[in-house]
Amino acid sequence: MEVRGEVLMTTAQFEHGNEVRTAHGGQPFANPRGASAGTLRAKERAYTVPMTFFGYGLLPLPTPSPHSRPGWSRAPTATS
């Protein structure tokens, strides 16, 4: 299943994130949008920042064809 949605920071989350970030020696975030994007991309940080996920869609994953997956081969065919 594929989940679609948006990650965002509320004003309170943004303000808290700036407090935590500056307490750890970082520059404050410029805006909530950039803060959300940067926080999602961050791999190794000594702190975490709360964010909100707003889901708006669920999609089924397509059933893979045996021919579209690496390592799969076609079914044997009868030869005479």
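**Buried helix positions and a nonpolar patch**

Modeller: Asn 18 counts as buried, at 14% relative accessibility (buried is under 20% relative accessible area, exposed over 50% and partly exposed in between, with a 1.4 Å probe and protein chains only). The model is predicted, so local features need pLDDT of at least 70 and side-chain atom pairs pLDDT 80 or more, whereas totals for chains, interfaces and linings use all residues. Residues are numbered from 1 along each chain as its sequence is written, and side-chain values use heavy atoms, without hydrogens and water.

Asn 18 belongs to helix H1, residues 11–23 (helices are DSSP runs of H or I with at least four residues, strands runs of E with at least two, numbered from the N terminus). Beyond its neighbours within four places in sequence, Asn 18 is in contact with Pro 28 and Phe 29 (heavy atoms within 4.5 Å).

Helix H2, residues 32–41, holds Ser 36, which is buried because its relative accessible area is 4%. Setting aside neighbours within four places, Ser 36 is in contact with Val 7, Leu 8, Met 9 and Met 51.

Together with Met 1, Val 3, Leu 40, Phe 53 and Leu 58, Val 7 forms a nonpolar patch on the surface. Strands S1 (2–8) and S2 (52–59) each supply at least two residues of that patch.

Notes
Patches are made of residues with over 30% relative accessible area and no salt bridge: like charges are joined within 9 Å, nonpolar side chains (Val, Leu, Ile, Met, Phe, Trp, Tyr) within 5 Å. Accessible areas come from the Shrake-Rupley method with a 1.4 Å probe; for residues, only the protein chains shown count as cover. A salt bridge is a side-chain nitrogen of Lys or Arg within 4 Å of a carboxyl oxygen of Asp or Glu.
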